[in-house]
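Subject: Structure handover

Hello,

Here is the structure I promised you. Please open it first, then read my notes below.

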Amino acid sequence: MGQHLISAKQLSRADIERVLDHAAALERDSPTDRRSGTLLGLCFFEPSTRTRLSFEAAIKRLGGDALDMGAIEASSVTKGETLADTVRVLAGYVDALVLRHPSEGAARMASEFVSVPLINAGDGAGQHPTQTLLDLYTMRENVGLDGLSIGIMGDLKYGRTVHSLSLALTNFDTTQHLVSPESLRLPRGVRYDLEAAGASVQEHTDLSTVLPDLDVLYVTRIQRERFPDDAEYRAIAGEYRIDAATLEDAKENLIVMHPLPRVEEIAADVDETPHAKYFEQAKNGVAVRMALLDLALDGGGIFAADESGSLADWNEGADA
Ligand code: NCD
């Protein structure tokens, strides 16, 4: 078993259910001392509000504490220290590490240098598996996880939450409707994995044709920071936006999700509708990360090992 969580490809249905069941139990019982004396390292090389703070809340609610590397400007990274050295040193101070980094493959690479569990909290346009666990928790609480039509809309190319969610959904009986402009379709590697898993996937450029069939609409932000060219971003920004009027054609019990932050892709008038579940989704991040940490801290590995490429792949692609 792998002790690190790098990609949603590692998650089987049984793994997912184990984490979600444990999250539900922790939410019910709210224990405060399960992990007293445990230190979680937070190593964020990219901005984050929800992911960083919900990990911190999670370890503290378990009775442990967090050690946050803080802003990179204040760390030795500015002196030219490599990621490998930074995580190797931090891993000596803590019991588990959470890493976010702007380069795809960074978490995979970093995990080769540490002996404590390392959790990928977002690697560039790669993966964001813990977001997926809380997304699935939210779906399960509201509409279940089988027999669903799920629309995933927005930036499917650069959106790491989409890459992870889409792969994890192949464990369930779902049809995925991928809605995006041509230029932001799911990357080839992820499509390949979906195909290999026998996923039921349909691609669309227009939401209106599929909206009435959907049980879940997962909206995402166009990842401006990952566009090589800002003009390309501006050409797309503002499309793929929903408001309360858009949802008039939706099923009564459709749930609208979003990993957040939203910019303008969900109008504020959706917040007042019973469809809106994105704030509940963000809140679920604490219980789900408590469960994940609690299981990971037991040692022995909780998921299949990540086999998505070697260190050499990362070095080649690091600044691509
Ligand atoms: C997402 C991320 O960082 O990938 N946010 C999050 O972790 N909840 C989505 C985004 O930034 O658009």
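Predicted model: local features only at pLDDT ≥ 70, side-chain atom pairs only at ≥ 80, totals over all residues.

S115 counts as exposed, because its relative accessibility is 63% and the cut-off for exposed is over 50%. S115 sits in a loop. That loop runs between helix 4 (106–111) and strand 4 (118–123). D95 is 20 residues away from S115 along the chain.

Every value here is computed from it.

**The ligand**

Which residues surround the ligand? The list is T51, R100, H128, Q131, R160, T161, R221, Q223, P259, L260 and P261.

- R221: a polar atom of its side chain lies 2.8 Å from a ligand oxygen.
- Q223: an N or O atom in its side chain is 2.8 Å from an oxygen atom of the ligand.
- L260: here the backbone takes part, with an N or O atom 2.9 Å from a ligand nitrogen.

How much of the ligand does the protein bury? On its own, the ligand exposes 320 Å². The protein buries 93% of that area.

**Helix 6**

Helix 6 covers residues 160–168. Is it enclosed or open? Nine of its nine residues are buried, so the rest of the structure largely encloses this helix. Buried here means under 20% relative accessible area. The buried residues are R160, T161, V162, H163, S164, L165, S166, L167 and A168.

**A nonpolar surface patch**

L67, V89 and Y93 form a nonpolar patch on the surface. Together they have about 270 Å² of accessible area. V89 belongs to helix 3 (residues 83–91). V89 has a relative accessible area of 40%, so it counts as partly exposed.

**Salt bridges**

How many salt bridges does the structure hold? The count is 24.

In helix 1 (residues 13–29), look at E17 and R13. They are four residues apart, about one turn of the helix. Their side chains meet in a salt bridge, at 3.1 Å from N to O. E17 is partly exposed, with a relative accessible area of 28%. R13 is partly exposed too, at 29% relative accessibility.

In helix 2 (residues 50–61), the pair is E56 and K60. Because E56 and K60 are four residues apart in this helix, about one helical turn separates them. Their side chains meet in a salt bridge at 2.7 Å, N to O. K60 is partly exposed, with 42% relative accessibility.

In helix 8 (residues 230–236), check R234 and D230. Again the two are four residues apart, about one turn. The salt bridge between their side chains is 2.9 Å, N to O. Is R234 buried or exposed? R234 is exposed, with a relative accessible area of 52%. D230 is partly exposed, at 29%.

Some salt bridges share partners. In this way R34, R35, D294 and D298 join into one network.

**Where to look**

Then follow helix 6, where nine of nine residues are buried. Finish with the patch of L67, V89 and Y93 on the surface.

Best wishes

Terms used: Residues numbered from 1 in each chain as written. Heavy atoms only, no water. Patch = residues over 30% accessible without salt bridge, like charges linked within 9 Å, V, L, I, M, F, W, Y side chains within 5 Å. Areas by Shrake-Rupley, 256 points an atom, 1.4 Å probe, with all protein chains shown as cover. Salt bridge = Lys/Arg side-chain N within 4 Å of Asp/Glu carboxyl O. Buried < 20%, exposed > 50% of the residue type's maximum accessible area, 1.4 Å probe, protein only. Near = heavy atom within 4 Å. Polar contact = N/O pair within 3.5 Å; in protein donor to acceptor, adjacent residues only side chain to side chain.
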